[in-house]
Amino acid sequence: HVVWLWLEGISFALATLLIWELCAADAPVLTGFLLCMFSGSSTLLLMTANPAGLAVALCVIAVWCVLRQRLLWVGVVCLAMSLVLKPQMGGFVWLYFLLSSPAYRRFAWKVLAVTAAMAIPAVLWVSLMPASHHWLTELSNTVRTSIAPGGSDDPGIRNPTSYSYMNLQAIFAIIWGKPQFYNLISYSIAGPMIAMWAWVTARSVATRQMVYLGLASASLLTLLPVYHRLYDGRFLLLIFPAAMMLWARRNWKGWLAAGLVAGMTLVLLDKVYDYLRVHGSTIYGGPLWLKLVGRPYAWMTLLAAGAFLWMYVKAARDAREAAKRGEPVSVAAG
């Protein structure tokens with residue numbers, strides 16, 4: 001237990017430092033201030049010993065290795081371990097590298113090979129051992145029970161901790177608590193956004209701006225369609241490089257990006273979580289508008305995802321127009 005906590009704490013601190021290094025050329029002071037607030041309110045990762053902490057940290061470390069083109073073998077192993085721990089976290093980052101430039105694509109295939117080398121023997125082992133060969137049935141039953149009305153993973157108001165969800169279901173389950181309704185609406189919103197992101201990624205040149213915006217959008221979009229609690233929000237370390245890059249230009253997009261990062265940082269503070277935890281019964285017992293307001297994590301994630309995706313699409317369009325005019329394009333991502 002102690003070893004696990006040390007691994008989580010040190011790896012997350014290292015990931016935060018590497019994100020600051022990526023942003024240092026653009027806004028070192030502002031990045032340092034926001035990261036101090038962001039990491040200072042991340043103690044829930046250690047309090048719960050949740051694997052999200054290690055999965056996020058390993059994924060961020062891998063991203064730094066790729067963008068800086070240093071210790072790439074470390075990046076391969078780190079991203080593979082992140083995918084094994086929580087594939088719903090780093091999966092979109094891996095997909096970005098797969099869809100992006102040929103150099104990144106080679107990295108993605110190596111990650112997939114290492115992930116398979118880790119996961120397949122483990123799955124075979126637990127499937128063949130007498131004490132655990134029925135693990136898939138038990139997992140299915142556990143998930144079915146947890147997402148049932150009033151279960152620990154129910155996004156509706158019958159679950160007293162559902163305010164801590166970051167996915168879209170937390171919003172639409174307030175309107176109608178039927179899975180057929182809130183899942184359909186959530187997928188109908190997130191699906192086209194993900195499709196647009198994938199289309200832009202596959203057709204764009206991997207410039208520094210496009211890589212940063214692509215990874216920022218990926219980190220936000222991965223939180224929208226499926227179950228993610230508050231601690232998974234630490235994955236949003238990956239929005240800092242794009243926001244600080246835009247902030248350095250001092251235009252309205254920079255103000256918007258920096259404002260969104262500051263907003264996400266403030267929403268993820270412990271004080272907000274404590275307020276929702278203490279006053280949850282009052283919020284649930286109030287009118288519909290109050291119940292909807294009581295889902296700040298999901299709303300802020302949706303707002304930031306839409307804004308960063310729009311900036312990503314706009315940057316891709318501007319790059320294509322510049323290419324038509326014969327302007328040079330830098331492919332250096334780091």
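Author: What follows takes the salt bridges in turn and then sets the nonpolar regions beside them.

This is a predicted model, in which local features need pLDDT of at least 70 and side-chain atom pairs count only at pLDDT 80 or more, whereas totals for chains, interfaces and linings use all residues. Residues are numbered from 1 along each chain as its sequence is written, and side-chain values use heavy atoms, with hydrogens and water left out.

The structure holds six salt bridges, a salt bridge being a side-chain nitrogen of Lys or Arg within 4 Å of a carboxyl oxygen of Asp or Glu. One of them joins Arg208 and Asp26, with an N to O distance of 2.7 Å. This pair links distant parts of the chain, 182 residues apart: Arg208 lies in helix α11 (residues 208-221), and Asp26 in the loop between α1 (2-23) and α2 (28-40). Helices here are DSSP runs of H or I with at least four residues, numbered from the N terminus. Arg208 counts as partly exposed because its relative accessibility is 22%, where buried means under 20% relative accessible area, exposed over 50%, and partly exposed in between (1.4 Å probe, protein chains only).

Asp153 and Arg229 form another salt bridge, their closest N and O atoms being 3.8 Å apart. They too come from distant parts of the chain, 76 residues apart, with Asp153 in the loop between α8 (135-146) and α9 (169-175) and Arg229 in the loop between α11 and α12 (240-247). Both Asp153 and Arg229 are buried.

Within helix α16 (residues 296-324), Lys314 and Asp318 are four residues apart and so are separated by about one helical turn. Their side chains meet in a salt bridge of 3.2 Å, N to O, and Asp318 is partly exposed at 29%.

Turning to the nonpolar side chains, the largest nonpolar core has 107 residues, of which Ile19, Phe97, Phe240 and Phe308 touch the most other members. Such a core is a set of buried Ala, Val, Leu, Ile, Met, Phe, Trp, Tyr and Cys residues joined through side-chain atoms within 4.5 Å. Helix α4 (residues 52-68) gives the most to this core, 14 residues. Leaving aside residues up to four places away in sequence, Ile19 touches Leu35, Val60, Leu237, Leu238, Phe240 and Pro241, contact meaning heavy atoms within 4.5 Å. By contrast, Trp73 in helix α5 is exposed, with a relative accessible area of 63%.

Key: Helices (H or I, at least four residues) and strands (E, at least two) are DSSP runs, numbered from the N terminus.
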